[in-house]
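This report covers selected local features of one protein chain.

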Amino acid sequence: MHRTSKYHSRSRREFMKVAAGGLALPFLSLRRAAGQASPARPPLRLLTLIDSYGIPTRGRSQIWVDASTGDYALEDRHLGTILQPLRAYRENMLVISNLSLDSMRATGDAAAHGALTCQTLTGSRASNASSRARPGPNATQAHASLDVRVGEYLNRDYGLSSPRVYSHLLLSDYAENQKATFSFGADGRQIRARSTVPNIVGALFAGVEGSDVFEQIDAQSQLAVLGLVGDRVRAVRGELSQANASAVMDAYRASVEDLSAELEIRGNQVCEPPNFASIPSNGKDPETTPLIFESIYHAFACDLASSITYAIGGEQINQLNHGYLYDSAFGDSELQRLLRQNFHSPSHRTDEVSDKSHELVRIHQATLLAGLLDRMSSTTDVDGVSSLLDNTVIYVTSAMAKNVHSVDDYAYLLIAGRNTGLQGGRHYDVSQSTNNDLLTTIAQGLSLPDVQFGGHRMGNGPVAALNNGPIEKMLRGAP
């Protein structure tokens, strides 16, 4: 059963009261009294949004950014039609031009849907592909994909008081069970998407392995309290014996005040599941995309996941139709016909009307993303200080640079919160870097220690030339 109010219960509040007033008593932080407290790490997370077909190159200066060469500070006038819905978040945006999928060519892969899907977030070729073009659903990788690697690191190693329910989730409107997918686990095996809105909402909010997810959140909150107390024990071990009585009392008062304030923040966290009047069961229904964006917001507001990947329209190809985006003012029957087909059909054409359909679909996706950013920027995160957006990196990517299976001149977008390590508000020309370097940069922007990412051939080890380290100019604090 879904709960539609704050998920904390009386027993949870009582537990917190005991923790603040009782358990904290012997665990006194002399660091606070001495003014040496270090700020808590922000609860970072990653959202990866993937559509299969990239951005048309025809008129890219009008639909993407007006100049694709050189690095420069973004202004509203630089943003094309696809990026205009996101202009309120210009200072968070890293607009990326001139990236090619170097890993695909260097590792001997083919520019086909399955192979490009494998390369997108791994920068490597599937290790047991039956052919260059069709890795298939049982293909494996030598390592995890970026989204999974980030999620597992943030859940395990980044100092969260207790792990989130999910380290990583792959979501999609439509399941393509006989084809390759985007995400790979630490064991190298493909992760299948949770597809269709009922399954996604059920996984997130109805239960986890048969139990109520909100009960699991309550249990995690109690573990978090004990973790906070344990942190204080470790912080002051060996210090109390050297303190005088006045310092001990000051530290005691400060400790209780700090712990009580943090527990109050956790106790008042609002966590509500999405409330949909109706949920389409067909993953190809055009109304599914807004509902999945809504579910992602609630998953982050409930702090359920460290990393979410949303493959829009399908795990490998976007199979949604977009007829609802057609306006009679367009006066183009061929455009109307293309929008009413699944998106895969117009993606393989290079004429103007097909490019226009791409532009309209991308504008629609950017508008949905802008709505998500509005809500994330106005929602306080679990640290009680920052917004959800402050602690999040959103990576908008694609398996193809443009239509007809191209792997040259990708147009990518990152939206980075102020507590991440990525420097927003700029256009970056990355023609001198590889897609592996970009994956490394995103990892480091989320505080991972990775100095390279991917670049593996099928059975022949990594290609050294693919990994040059992070793109330093994209990292916060770079000159």
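## Helix packing and strand pairing

Helices H11 and H13 cross in the right-handed sense. In this predicted model, the axes of H11 (residues 333–340) and H13 (residues 352–377) come within 9 Å, with a crossing angle of roughly 55 degrees. H11 is therefore oblique to H13, because angles from 65 to 115 degrees count as roughly perpendicular and those under 35 as roughly parallel. On the H11 side, the contact is made by Glu-334, Leu-335, Leu-338 and Leu-339. H13 contributes Val-353, Ser-354, Lys-356, Ser-357, Leu-360 and Val-361. By type, the residues of this contact divide into 6 nonpolar, 2 polar and 2 charged.

Phe-293 belongs to helix H10 (residues 288–301). Its relative accessibility is 5%, so Phe-293 counts as buried, the cut-off being under 20%. Apart from neighbours within four places in sequence, Phe-293 is in contact with Leu-49, Tyr-310, Gln-365, Leu-368, Leu-369 and Leu-372. For one of these, Leu-369, the C-alpha atom is separated from that of Phe-293 by 7.6 Å, although the two residues are 76 apart along the chain.

Strand E8 (residues 410–416) is mostly covered, with 7 of its 7 residues buried. In a regular strand, side chains alternate between the two faces of the sheet. On one side of E8 the buried residues are Tyr-410, Tyr-412, Leu-414 and Ala-416.

E8 pairs with E3 and with E7, as tabulated here.

| Strand paired with E8 | Sense | Bridges | Example of facing residues |
|---|---|---|---|
| E3 (residues 93–99) | antiparallel | 6 bridges | Ile-96 opposite Tyr-412 |
| E7 (residues 392–398) | antiparallel | 4 bridges | Ile-394 with Ile-415 |

Asn-98, which is not a glycine, has a positive phi of about 70 degrees, and its place is in strand E3. Asp-303 is not a glycine either, and its phi is positive at about 55 degrees. Asp-303 is in the loop between H10 and strand E6 (305–311). With a relative accessibility of 15%, Asp-303 counts as buried.

Key:
Residues numbered from 1 in each chain as written. Predicted model: local features only at pLDDT ≥ 70, side-chain atom pairs only at ≥ 80, totals over all residues. Heavy atoms only, no water. Axes fitted to C-alpha atoms, helices over the stretch in contact; angles between N-to-C directions. Helix = DSSP H or I, 4+ residues; strand = E, 2+ residues; numbered from the N terminus. Parallel < 35°, antiparallel > 145°, perpendicular 65-115°, else oblique. Left-handed = near helix turned anticlockwise from the far one by under 90°. Contact = heavy atoms within 4.5 Å. Nonpolar A, V, L, I, M, F, W, Y, C, P; charged D, E, K, R; others polar. Buried < 20%, exposed > 50% of the residue type's maximum accessible area, 1.4 Å probe, protein only. Pairing = 2+ DSSP bridges.
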